[in-house]
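Thank you all for coming.

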2 protein chains.
Amino acid sequence: MPEHLEAFDDVLAANDEYVKTFDLDGLAPRAARGLAIVTCMDSRIEPLDMLGLKPGDAKIIRNAGARVTEDVLRTLALATHLLGVDRIMVVPHTNCKMASATRDQVIDIVEQASGIDVRSLDFRLVSDQRETLLIDVQKIRSWPFFPPGIAVSGFVYDVGTGRLTAVT
Amino acid sequence: MPEHLEAFDDVLAANDEYVKTFDLDGLAPRAARGLAIVTCMDSRIEPLDMLGLKPGDAKIIRNAGARVTEDVLRTLALATHLLGVDRIMVVPHTNCKMASATRDQVIDIVEQASGIDVRSLDFRLVSDQRETLLIDVQKIRSWPFFPPGIAVSGFVYDVGTGRLTAVT
């Protein structure tokens, strides 16, 4: 094994075990429940569990802050046109670093910890989570490349209680 | 409840049940195992299960094809500098629609099914999955905005067996 793969020894060993009891080989590529969920990369979120779903049910899209970027629209276009998705949930969450730090704070933290100048990056931070969610959902609703009849809503997920609250 | 939310009745009812037994409120925002996983939106992939991880362990980033886009780099910058990530796995999968259809085929399928002209979109389709993975991993390795010492590797996940195979 190449030396740099040692950093992944633990998870590759776990994958060896996973293969032994793997039972998802009968799943189809299409989303069985017609759902796509756009949510945050946050390690506290379990998208399927929180919605009572199982593998095969939904397409899951995740980035920092559950932001509706060009990459997300591209992905949703494929999900809706080719993979059976006809309803989309956008789900940011409480206690999100993306919505609690300012751009200057992030730049300072990175500079002090590593000396790296990240002023040229756009982190797509969020100053008003509710307002940003309204805008991001509207971005999907008004995008002209989706098939007709797609349901789109925005929710906030509470990482302290597991509760989803509809916002739009 | 607003009428358009009816499309989500089933998953919101399931969330009511999830809240009753929710026990993840003690998790910290940082990735406990220092991992970020960039993988596909595909409904057949269970990123935590396949690596023996549990909630709290890893940041999960997902889009169509597990492509390393600007949005993914932005997200990984936050994950590495602010959220404890020091190793990154890029994980596309076998039997991926993104890697089995040509651009012309996708445009034709969409046109015939819905009449929508998507020729102006860049789907970031993949013609050679291995070569694309090498390029995408290199994009992360050579990006100048990560802290030093981040381990980055690329793997292919077999949706028929559950097996991860290291590519780079």
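This is a predicted model: local features need pLDDT of at least 70, side-chain atom pairs count only at pLDDT 80 or more; totals for chains, interfaces and linings use all residues.

By what turn and what shift along the axis can chain A be laid on chain B? The turn is 180° and the shift along the axis is 0.0 Å, with an RMSD of 0.0 Å, where the copies are superposed by least squares on the C-alpha atoms of residues with pLDDT of at least 70 in both. That is the relation of a two-fold axis. Of the residues of chain A, the one that comes closest to this rotation axis is Arg62(A), whose C-alpha lies at 2.4 Å.

Residues are numbered from 1 along each chain as its sequence is written, chains are lettered from A and ligands numbered from 1 in the order in which they are written, and side-chain values use heavy atoms, with hydrogens and water left out.

Now to the interface. Taking contact as heavy atoms within 4.5 Å, 92 residues of chain A touch 92 residues of chain B. Because 100% of the interface residues of chain A are also interface residues in chain B, the copies meet through the same surface. The two chains bury about 7100 Å² between them, 65% of it on carbon and sulfur atoms; buried area here is the accessible area (1.4 Å probe) that two parts lose on being put together, summed over both. In chain A, the residues that lose the most area to chain B are Met41(A), Ser43(A) and Arg74(A), which together make up 10% of what that side buries.

The rule also finds eight salt bridges across this interface, a salt bridge being a side-chain nitrogen of Lys or Arg within 4 Å of a carboxyl oxygen of Asp or Glu. Arg163(A) and Asp16(B) meet in a salt bridge, at 2.5 Å from N to O.

Let me finish with the backbone of chain B. Most residues other than glycine have a negative phi. Ala66(B), however, has a positive phi of about 55°, and it lies in the loop between β2 (58–63) and α3 (70–82) of chain B, with helices (H or I, at least four residues) and strands (E, at least two) taken as DSSP runs, numbered from the N terminus. Is Ala66(B) buried or exposed? Ala66(B) is buried, at a relative accessible area of 2%, where buried means under 20%, exposed over 50% and partly exposed in between (1.4 Å probe, protein chains only).
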